[in-house]
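Subject: Structure handover

Hi,

Here is the structure I promised to pass on. Please have it open while you read; my notes follow below.

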Amino acid sequence: MVDLLLGLQWGDEGKGKIVDVLTKNYDIIARFQGGPNAGHTLIFDGNKHVLHTIPSGIFHKKAINIVGNGVVIDPVIFKKEIDNLSAYKIDFKSKLLISRKAHLILPTHRLLDAASETAKGKAKIGSTLKGIGPTYMDKTGRNGIRVGDLELENWKDKYNALTKKHLKMLNFFEVDIQYDLAELEEEFYEAIAVLKKLTFIDSENYLNQAINDGKTILAEGAQGSLLDIDFGTYPYVTSSTTTAAGACTGLGVAPNRIGEVFGIFKAYTTRVGSGPFPTELFDDDGKTMATVGHEFGATTGRPRRCGWLDLVALKYAVQINGVTQLMMMKGDVLSGFDRLKVCTSYTYKGTEVTHLPYNIEPENVSVNYTEFKGWQADLTALESASQLPENLLAYIDFIEKEVAVPIKIVSVGPDRKQTVFR
Ligand code: GDP
Ligand code: IMO
Ligand code: MG
């Protein structure tokens with residue numbers, strides 16, 4: 001069976017930390033979508049690592065890590081990630097396997113991303129500018145270059161033809177994007193050489209064989225459900241299926257092979273980039289969350305917008321994904337608040353609703369809150385569920401009842417060890 005681990009909000013819920021915590025229970029960790037727009041932070045033994053493309057099981061001796069067909073790979077960023085791990089003496093050839101069907105992000109995909117965002121002006125998506133949108137456009141447009149193409153004699157012809165087309169497309173945007181293609185291509189080809197030293201596999205065959213052999217597999221999601229291309233806050237979303245169905249298409253495993261669906265959420269909400277965010281705070285409470293929670297993007301360093309927990313949105317994400325267990329992150333960041341608020345319904349065009357409506361911009365929805373007493377205790381040294389403060393337990397109990405799924409992990413700090421199981 002394949003268990004899934006997914007972010008239920010707008011990304012950065014703490015997926016990397018929890019995948020690292022759970023890896024000891026799995027033989028294989030497999031990323032199924034997204035690319036280097038993701039930044040998954042792992043902290044253990046006093047060291048911090050941010051992974052973008054490499055699955056978060058890479059630090060464990062036993063686990064095999066797979067980059068699935070649904071992922072888009074930027075060889076240049078991938079090479080840097082591998083270089084950053086040199087101290088760990090990881091045998092990448094045997095522990096990090098890449099799907100031949102994963103698509104490549106070319107230097108010109110990044111340029112197109114920048115041009116598209118610049119041309120949008122105020123309406124920009126707030127993209128990480130890693131070339132994600134243009135690469136998935138080429139995938140669905142059937143123009144893309146895949147990892148498996150690198151094994152063909154003529155792949156450079158394909159590359160040159162696509163790059164030529166991209167350069168023409170760049171002119172269309174009529175914005176001034178500065179670049180030195182020769183320089184970009186030099187680092188690209190260098191990185192391709194590193195990528196080609198790794199093991200390419202037909203990952204759908206590999207994974208289905210592994211399932212038949214009784215191996216345990218954890219699929220690691222990137223981004224979050226509210227950034228899903230279909231179910232997120234379109235157009236302010238990413239270009240992949242971040243929800244559970246994405247694991248089936250991004251790995252080639254059938255729906256009846258999916259076991260547990262772990263849904264991760266922060267005890268409050270954050271978002272980086274543009275787009276609606278009904279519970280966003282612009283006051284001192286929001287500033288406190290940002291400061292205490294160190295809310296800066298792991299990929300771009302941009303400040304994350306902060307706000308209260310939104311149960312309307314959380315219930316929606318739980319439903320779309322079929323979540324079977326919840327994990328609540330960053331409860332420690334809320335220590336010290338006198339009162340906490342949780343959004344339990346919206347007022348949508350004058351009527352109270354508890355489902356996520358089509359339009360959630362401020363002109364269409366206002367938010368209705370339920371208030372809770374805060375907790376003052378520092379949670380960061382807690383080791384067992386019996387030590388959780390009463391007001392936090394009331395908060396957890398309310399969420400579990402509203403969402404009708406149990407919260408099995410409460411994370412109380414960024415370190416691997418700061419994890420309370422219930
Ligand atoms: P991901 O993209 O879902 O893997 O999450 P990110 O790594 O982008 O962002 C999560 C941030 O919160 C990282 O800086 C983590 O180190 C940190 N973090 C994770 N869990 C906790 C927690 O329980 N408490 C605190 N204070 N920080 C956490
Ligand atoms: P992880 O896996 C948070 C956001 C961007 C932007 C929008 C589109 O770390 O949770 P893109 O680069 O995909 O064109 O950006 O999606 N975004 C993320 N926000 N965490 C992420 O990944 C994100 N990946 C993309 O900020 O709003
Ligand atoms: Mg992140």
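First, a term: two strands pair if DSSP finds at least two bridges between them. Strands (E, at least two residues) and helices (H or I, at least four) are DSSP runs, numbered from the N terminus.

Some ground rules. This is a predicted model, in which local features need pLDDT of at least 70, side-chain atom pairs count only at pLDDT 80 or more, and totals for chains, interfaces and linings use all residues. Residues are numbered from 1 along each chain as its sequence is written, chains are lettered from A and ligands numbered from 1 in the order in which they are written, and side-chain values use heavy atoms, leaving out hydrogens and water.

The sheet

It is open and has 10 strands, in the order β9-β7-β5-β2-β10-β1-β11-β15-β19-β20, with mixed pairing. β9 (199–201) and β20 (419–421) are the edge strands; each pairs on one side only. From one strand to the next the twist averages 25° (axes are lines fitted to C-alpha atoms, and angles run from 0 to 180 degrees between N-to-C directions).

Look at β2 (residues 28–31). Four bridges tie β2 to β10 (residues 217–220), in parallel. Ile28 faces Ile217 there. β2 also runs parallel to β5 (residues 64–67), again over four bridges. In β5, Ile64 is the bridge partner of Ile28. Both faces of β2 are covered: Ile28 and Ala30 are buried on one side, Ile29 and Arg31 on the other. Buried means under 20% relative accessible area, exposed over 50%, partly exposed in between (1.4 Å probe, protein chains only).

β5 continues to β7 (residues 96–99), parallel, through three bridges. Ile66 stands opposite Leu97.

Asp12 sits in the loop between β1 (2–7) and α1 (15–22), Gly39 in the loop between β2 and β3 (40–44), 27 residues apart. Gly39 counts as buried because its relative accessibility is 10%.

Ligand 2

Oxygen atoms of ligand 2 lie 2.5 Å from a side-chain N or O atom of Thr128, 2.6 Å from a polar side-chain atom of Thr238 and 2.8 Å from a polar backbone atom of Gln223. The protein buries 97% of the 550 Å² that ligand 2 exposes when taken alone (Shrake-Rupley method, 1.4 Å probe).

Best wishes

Methods:
A polar contact is a pair of N or O atoms within 3.5 Å; within protein, one must be able to donate a hydrogen and the other to accept it, and residues adjacent in sequence count only if both atoms are side-chain atoms.
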